[in-house]
2 protein chains.
Amino acid sequence: MTTYIAPVREMLFAMNALAGLEEIAGLPGNEEISPDLVEAILDEAGKFATEVLAPINAPGDRQGNTWRDGEVSTADGFKEAYASFCETGWNGMPASTEFGGQGLPVTVSTAVLEMWKSANMSFSLCQMLTLGAVEAIAHHGSDELKNTFLPNMVAGTWTGTMNLTEPQAGSDLAAVRCKAEPRGDGSYAISGTKIFITWGEHDMAENIIHLVLARLPDAPPGVKGISLFVAPKFLVNADGSLGARNDLVCASIEHKMGIHASATAVMAFGEKDGAIGYLVGEPNRGLEYMFTMMNHARLNVGLEGVGIAERAYQQAVGYARDRIQGRIIGDKSGDKKPILHHPDVRRMLMDMKSRTEATRAIAYYVAGCMDRAKSHPDETVRGANQRRLELLTPVVKGWCTEAAQGVTWNGIQVHGGMGFIEETGACQHMRDARITTIYEGTTAIQANDLIGRKVAREGGHAMRALLEDMATTRRQLDGHGDAQMRHIGAALGGGMYALAEATDWLLANYDAHPQAAAAGAVPFLKLAGTVAGGWLMARSALVAFERLADSDDGFYAAKLITARYFSEHVLPEANSYRDAIVNGSESVLAMHEALF
Amino acid sequence: MTTYIAPVREMLFAMNALAGLEEIAGLPGNEEISPDLVEAILDEAGKFATEVLAPINAPGDRQGNTWRDGEVSTADGFKEAYASFCETGWNGMPASTEFGGQGLPVTVSTAVLEMWKSANMSFSLCQMLTLGAVEAIAHHGSDELKNTFLPNMVAGTWTGTMNLTEPQAGSDLAAVRCKAEPRGDGSYAISGTKIFITWGEHDMAENIIHLVLARLPDAPPGVKGISLFVAPKFLVNADGSLGARNDLVCASIEHKMGIHASATAVMAFGEKDGAIGYLVGEPNRGLEYMFTMMNHARLNVGLEGVGIAERAYQQAVGYARDRIQGRIIGDKSGDKKPILHHPDVRRMLMDMKSRTEATRAIAYYVAGCMDRAKSHPDETVRGANQRRLELLTPVVKGWCTEAAQGVTWNGIQVHGGMGFIEETGACQHMRDARITTIYEGTTAIQANDLIGRKVAREGGHAMRALLEDMATTRRQLDGHGDAQMRHIGAALGGGMYALAEATDWLLANYDAHPQAAAAGAVPFLKLAGTVAGGWLMARSALVAFERLADSDDGFYAAKLITARYFSEHVLPEANSYRDAIVNGSESVLAMHEALF
């Protein structure tokens, strides 16, 4: 099994060339950000990922968590790693400075978070959930809630969870049944069962702060009657010390295909006299509050796709460099060479590499939009970046995680028979990756958000603005002196044409034929991801071409080849998606249900 | 978890409409085959699959095998199921009558084998390996070997294995190092280590008959110095009774991603004074003998793709019919309906259904070629079918198993969060399917066989003959009175055009640019599978259209919709493959190895 080495140079390239780090470093509030500081942060994070988190990834997968009488013991080494993670300040790093975070730009923290996901996806989920809870409380909670919970959560002494799903309420949160009854002292008694609660119970932190969706007694039905509560595992005394155990318990943990080292809990609230909880913000606005935070969580799950793809790629390259097998076709030397030289192994590695880079490109690009949408002094620029961020959030979540499926699958295939043996390490990446297209909203949920809220109901303006930016890149490529660059431009043009056609079809059909539009939603998301990824790869190629002479280690030459691979092997998929969207809805919808 | 119900009507349709069962039943040697008999066999086999094999599939996955001191205990229920499997005659069913089999046409036994693979892939592997060993001994062994081993192997009292792989010799069998020294009495002393030996050790049978590739002392290096031996776990006395334990032992079993209930053994031969083995056929022709048998095994692994896809589809449809979640877009009734009605769930189910049917179509069609190649009285017809069989064998192995990856993946996705929970049952199908693109030759090995031996070195005649048959179907569709049928014809035409272009490119480049050709090998295999699948789905549509009035239960209407889905959603992928082959080789090969 190979270890994980953070691809710092790749990350810096995406941050600088695509996300616009220089501009972001110049925004108000980012005065302390310098290229040296960013590189130093990435180097340090990379070291922590390699030395502390990566080594316990495979053992954690094998051992998993142990549930006993409501308590969960994490796999060996996780407690120690978490303590060190918090001590060195990594836990709160992306949080705002107000409660002890470092307030780094999202563009920078995105690269650091990618490392945690690559090194140990199970481990990284604890921080992701904690920071999501921090964000929800920070944006919508009272000062009392903020002061009581946030400093410890940012420090990591306490962790956070999101209690949304119930057995009958998965993608459809309107069906939530958990109850919250006023206790007369301003607090609420929460009761009901929540499932699929990531890091819902564990032994790494002193307290666990649960955010819970529940209904007040007089709440209207459906999504407009759901409120958000904070319910800590241990109640907190007025002086901040831990008080009584709250009436909430981990009833069991799930036996899953992957992410074994992160406990997925069934949480039972109020089996005695009600779990004490505190209302966040106003009643009945819980879902709205959750969504503020969920958009960021969706970007972070998209980033899991990038991280796990990178890890699978490193594992596969390592094996392909070492393993000697068979004669290389067309090789006259007669030497025994590693399988890296077999054309089909190269094809798989190039496919893994180019899709990993393209998903990183879009994830970091959108992080840049987030920074500009928040801090740019010009309101027009803030607005444009906010619209781009909203358009691409479901694409980052959906497309990056879908891409990781094929990448981790190829990661096994490169190993041949050894790939199927668990000890080799390639299986875990594919098993871990499998959850990413499901949680925080399945690919279909993302796709419906994309075609509805983000394209059709918005009149397609945000998508047209994106296509215009792509056209600018295309013009640069079309007029380029280098034939290879013109080829990349032509392939981008083909993808843009397919995306524009599908967008027109969607705008024309969304209201009149909503089922037909929904039948093409996932192909549309994949089409948008493929073309946006192709656009950013093309931009990378333009930058790399200019810098070819700057470096003699081949970094920019590799960037060009990778962009070209993407344009020749991945971008042509855009046409199949377009065909499926524009011509394919009837055959999706025609079958009588009895005939399946 | 749903049970498995054999899709007998689907199977009969593929056998009759595509494989040509009526013609096959009329071939010499098949006199006893009648439509009633075939249906009765499938019904009985289906019952056995549902009642005996399917129920122990998930428990077998959870429990796996236990290794202790060289002995392997199978999961609970396997011994009893295997005893019943042999008693009822299912084990030897596909074998020739000479040694106790039923000598059924391959077309019929293929459908039965698909059921075992669907119901319990781990279990089915034992029979598959045994019958492969039977075939090798029957074709190449002496009468003594045949009489000593075959009756018990066909009956299933003894099982068989294939010992090919060694740590340094996987895809490249030229690197085999196992030794065989003459013992002076006509037998040989075999020594060495073999890995990845499926059902290499277990407790279901009285004896295990290992076929082993090894080198004689004077053997030339490489593939031309490998001989084939039979080495039984227990030596067999002259009277047929079991004698001494042979010097071969299961040193350990692997911890795999899937097929947990089938032990994958490391076999140590000759750790004391050599395992006694008997030469099969002539010295140094072992690899050639293995390949006779391996071609049939490859078709059977392709069929595993069909079987596991069918099982995953049934599991997903069952869940989609039961699970109620969310409002159906565009549905004005306001009723709560199962998720089967969500357009994207339909899309996934249609995708699973159409790919499963297309892979079944090609697997059964090739089984029909096998029957005609063997028994047709007209030599020209035999020859044409043999060439078609050879051309499509790597396609059945490669494309059907690759298709099963997406189908079993979607099988999880349809379940949402529940799909990731092992107890639901969807994960196992995806984990089990993962091995099928690796063993019996990876997809790349199949693809190299296809582009080399089966297309380029043969001058492309077999592929052109296939394209001509497709053109006949296309003409029928183009001239059809129904617009839907003409659409299917147009889509088939697009696919054929892509396949013809890629074939021309391959013929022009294979000798001059062997690495470029190999870079496109896997896309070429997928292209060939997609277009051949599309052709057979189009033929299905023609037959179904004629019979629409024959049945009022919608079976033929469903066939038409499924064929149309395939033509609109799957066939367009042909163009991406063509693009990757024709334009994409340089970017596969360009990267310096240090830059990966």
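Reader: How much area is buried between chain B and chain A?

Author: The size of an interface is often given as the accessible area lost when the parts come together. In this predicted model, the figure for chain B and chain A is about 7,800 Å², and carbon and sulfur atoms supply 63% of that.

Reader: Which residues of chain B lose the most area to chain A?

Author: Look at M257(B), F420(B) and F596(B). Together they account for 11% of what the chain B side buries.

Reader: And how many residues are in contact across the two chains?

Author: You'll find 88 residues of chain B touching 88 residues of chain A.

Reader: What about the polar side of things: how many salt bridges and polar contacts are there between the chains?

Author: The rule picks out 2 salt bridges. One pairs R564(A) with E586(B), with 3.4 Å between the closest N and O atoms. On the chain B side, helix 18 (residues 555–570) gives the largest share of the residues touching chain A, namely 8. That side divides into 42 nonpolar, 24 polar and 22 charged residues.

Reader: Let's turn to a single residue. Is M352(B) buried or exposed?

Author: Buried means under 20% relative accessible area; M352(B) has 0%, so it counts as buried. M352(B) belongs to helix 10 (residues 343–375) of chain B.

Reader: Which residues is M352(B) in contact with, leaving aside neighbours within four places in sequence?

Author: The list is A312(B), Y313(B), A316(B), V407(B), N410(B), G411(B) and V414(B). Take Y313(B): it sits 39 residues from M352(B) along the chain, yet their C-alpha atoms are 6.1 Å apart.

Notes:
Residues are numbered from 1 along each chain as its sequence is written. Chains are lettered from A and ligands numbered from 1 in the order in which they are written. This is a predicted model: local features need pLDDT of at least 70, side-chain atom pairs count only at pLDDT 80 or more; totals for chains, interfaces and linings use all residues. Side-chain values use heavy atoms; hydrogens and water are left out. Contact means heavy atoms within 4.5 Å. Buried area is the accessible area (1.4 Å probe) that two parts lose on being put together, summed over both. A salt bridge is a side-chain nitrogen of Lys or Arg within 4 Å of a carboxyl oxygen of Asp or Glu. Helices (H or I, at least four residues) and strands (E, at least two) are DSSP runs, numbered from the N terminus. Ala, Val, Leu, Ile, Met, Phe, Trp, Tyr, Cys and Pro count as nonpolar, Asp, Glu, Lys and Arg as charged, and the others, Gly among them, as polar. Buried means under 20% relative accessible area, exposed over 50%, partly exposed in between (1.4 Å probe, protein chains only).
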